[in-house]
Amino acid sequence: MKSPTTNLGTNIARRKFLAGAAAIAASPLLPSHAHSASPAVAPTSSPEKALFVSGRRKLAALEVSSVGLGVQNMSRTYQTTIPSRPEMINIIRAAFDHGVTFFDAAEAYGPFEVERILGDGILPFRDKVVITSKFGWNIDQETGKRLPGLNSKPEYIRVVVEGMLKRLKTDRIDLLYQHRVDPSVPIEDVADAVQKLMQEGKVLHWGLSEMGAKTLRRAHAALPVTAVQNEYSMLWRGPEQEVIPLCEQLGIGFVPWSPLGVGFLTGAIDEQTRFAEGDIRGIESRFSPQNLPHNLRLVQLVNEWSKRKGAAFAQVALAWLMAQKPWIVPIPGTTQMAHMLENAGADSIKFAPEEIAELNTSLSAIEIRGARLPEAVLQFSGVEAPLKSR
């Protein structure tokens with residue numbers, strides 16, 4: 001099995017863009033005030049300004065950069081390779097120098113190692129950024145071994161957070177998510193445990209990921225929720241049905257994970273793509289040889305808009321997310337400096353109202369075939385926490 005290959009035309013265009021981006025990364029990083037007014041232009045026309053996140057958004061009361069950085073794959077890529085740790089730290093620090101102030105991690109990524117990488121990466125500017133982490137999987141806190149099921153018992157949450165603080169080299173988690181809903185623990189008990197940590201200053205905000213809608217309502221009633229983190233992209237628009245309207249109603253921010261459709265929306269996957277053993281995309285039916293040719297219609301649409309906007313594929317996909325609601329903040333992940341810079345450039349790509357209406361209409365006409373995750377993983381999404389006994 002081989003790692004994903006790319007469409008030749010797309011690959012050539014991407015290489016041209018990334019060559020310019022890499023040159024910027026190699027040059028001295030400009031101070032933040034030099035980019036206070038990035039114009040909405042194509043990356044190739046004014047790259048130093050376009051590859052900078054100047055916008056800020058609110059997740060409830062928490063202000064962050066309009067594009068964040070997910071660091072999940074910095075300990076192991078989809079293709080199961082191990083990235084260079086010093087380079088991952090370089091990317092984190094370059095992201096900050098290019099306007100990114102929102103960094104997303106979890107104890108389960110590694111496990112533990114991604115938090116350590118992020119902690120080292122942000123050390124010089126810890127007080128100028130917002131960092132997140134997540135609890136909820138059942139992980140041995142001494143060995144990092146994954147144990148069966150989930151664990152959001154209040155006493156366990158405290159132990160997990162203490163470990164996070166050490167690995168992240170910080171005294172507080174700015175935004176702490178429950179990674180998945182524990183079907184054996186009432187969400188009110190989870191909220192109470194998090195609230196106690198807030199009272200001690202160890203957690204500042206909290207959120208949930210991939211929860212059931214009823215659980216989100218109950219969680220917010222028990223302790224105001226700052227953000228929800230769910231999968232959301234042009235490839236998977238499920239949150240539009242219930243979760244995003246509920247977030248709007250309750251005043252909760254929304255953070256899409258996998259905003260680039262695990263690489264699909266960058267044009268890096270074509271009909272001939274086969275995945276390395278261990279790459280989760282190889283067992284997602286939306287990327288099966290039967291469904292992939294049909295689903296590539298979506299990539300063709302992104303390609304059309306890439307040409308219209310003078311932007312990279314990834315920038316179109318991220319700008320589309322930001323155009324949906326002003327409180328949506330995507331967190332694209334990458335292990336390549338040039339890709340991080342490209343993603344930062346999405347901040348400068350704007351859609352007029354008539355353009356976003358046209359694009360949404362075209363997207364709705366494309367039916368994506370196949371499931372977004374393997375069933376063994378999907379079963380942990382949309383779970384409702386048990387009711388608290390009286």
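A cavity here is a set of points, on a 1 Å grid over the protein atoms alone, where a 1.4 Å probe fits but cannot get out. Grid points are joined across faces, edges and corners, and the volume is the space filled by probe spheres set on the points.

I noted that this is a predicted model: local features need pLDDT of at least 70, side-chain atom pairs count only at pLDDT 80 or more, and totals for chains, interfaces and linings use all residues. Residues are numbered from 1 along each chain as its sequence is written, and side-chain values use heavy atoms, with hydrogens and water left out.

**The cavity**

I read a volume of about 40 Å³ for the largest cavity. I listed its lining, meaning residues with an atom within 4 Å of a point: V67, G68, L69, V100, P332, M340, N343 and A344. Helix α11 (residues 337-344) gives the largest share of this lining, three residues. I sorted the lining by class and got six nonpolar, two polar and no charged residues. Ala, Val, Leu, Ile, Met, Phe, Trp, Tyr, Cys and Pro count as nonpolar, Asp, Glu, Lys and Arg as charged, and the others, Gly among them, as polar.

**Overall**

I recorded 13 helices and eleven strands. These are DSSP runs numbered from the N terminus (helices H or I, at least four residues; strands E, at least two). Of the 390 residues in the protein, 57% are buried. Buried means under 20% relative accessible area, with a 1.4 Å probe and protein chains only. I also checked contacts (heavy atoms within 4.5 Å). Of those with a separation of 6 or more, 77% join residues 24 or more positions apart.

**Helix α4**

How many of the ten residues of α4 are buried? Eight are, so α4 is largely enclosed by the rest of the structure. I wrote them down as V114, E115, I117, L118, G119, D120, G121 and I122. They pack against α3 (85-97), β4 (102-104), β5 (130-135) and α5.

I then took the pair α4 (residues 113-122) and α5 (residues 154-168): the angle is about 45° and the axes are 7 Å apart. Axes are lines fitted to C-alpha atoms, for helices over the stretch in contact, and angles run from 0 to 180 degrees between N-to-C directions. The two helices are therefore oblique to each other. Oblique is what remains after under 35 degrees (roughly parallel), over 145 (roughly antiparallel) and 65 to 115 (roughly perpendicular). From α4 the contact uses E115, R116, L118 and G119, and from α5 it uses M164, R167 and L168. I classed these as three nonpolar, one polar and three charged.

**Loops**

I found a cis peptide bond from G110 to P111, with omega near -15°. P111 sits in the loop between β4 and α4.

I looked up P183 in the loop between β8 (173-178) and α6 (187-199). Leaving aside neighbours within four places in sequence, P183 touches L150, V383 and P386. Its C-alpha atom is 9.1 Å from that of S152, 31 residues apart along the chain.

I flagged E210, a residue other than glycine with positive phi, near 60°. E210 lies between β9 (203-209) and α7 (213-222) and is buried, at 2% relative accessible area. S258 also has a positive phi, near 55°. S258 is in the loop between β11 (253-257) and α9 (292-309) and is buried, at 12%.

Methods
1 Å grid on protein atoms, 1.4 Å probe; cavity = no way out; pocket = protein on both sides within 12 Å on 5 of 7 lines; lining within 4 Å. Buried < 20%, exposed > 50% of the residue type's maximum accessible area, 1.4 Å probe, protein only.
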